[in-house]
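I opened my notebook to write down what I looked up about charged pairs and the nonpolar core. The entries follow below.

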Amino acid sequence: LELELLPDKINAEEGDTVRVQILFRGKPIAGKIKVRNSRGVFEVDASEEGAEVELARGVNVLTARHVVEGVGVDKISMVSTLTIFV
């Protein structure tokens, strides 16, 4: 995949914190991760090392978007989603 969200662990419980990295073509990038769960909707800033996301009970949907400009076309917009159920 060109854009991926990579968690540091796959087994988590309510209240656990997961470090999530955004990868573009296999390399870490900085960006924003939108989190949707039973606590609401919020954004976290991710550095190249990732961002800490606290998980809520139920479904946690994490989304990242990346735009590449000037690659033979005006721009390419990519979205990646990671769903974690706790």
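**Charged pairs**

I looked up Asp45 and noted that Asp45 is exposed, because its relative accessible area is 57% (exposed means over 50%, buried under 20% and partly exposed in between, with a 1.4 Å probe and protein chains only). I kept in mind that this is a predicted model, in which local features need pLDDT of at least 70, side-chain atom pairs count only at pLDDT 80 or more, and totals for chains, interfaces and linings use all residues. Residues are numbered from 1 along each chain as its sequence is written, and side-chain values use heavy atoms, with hydrogens and water left out.

I then found that Asp45 forms a salt bridge with Lys32, their closest N and O atoms being 2.6 Å apart (a salt bridge is a side-chain nitrogen of Lys or Arg within 4 Å of a carboxyl oxygen of Asp or Glu). Asp45 lies in strand S5 and Lys32 in strand S4, so this pair ties together parts that are 13 residues apart in sequence (strands are DSSP runs of E, at least two residues, numbered from the N terminus). Lys32 counts as partly exposed, because its relative accessibility is 45%.

I counted 5 salt bridges in the structure, and one of them joins Arg57 to Glu14, with the closest N and O atoms 3.7 Å apart.

**Core**

I turned to the largest nonpolar core, which has 22 residues, and noted Leu62 among those that touch the most other members (such a core is a set of buried Ala, Val, Leu, Ile, Met, Phe, Trp, Tyr and Cys residues joined through side-chain atoms within 4.5 Å). Strand S2 gives the largest share of this core, 4 residues.
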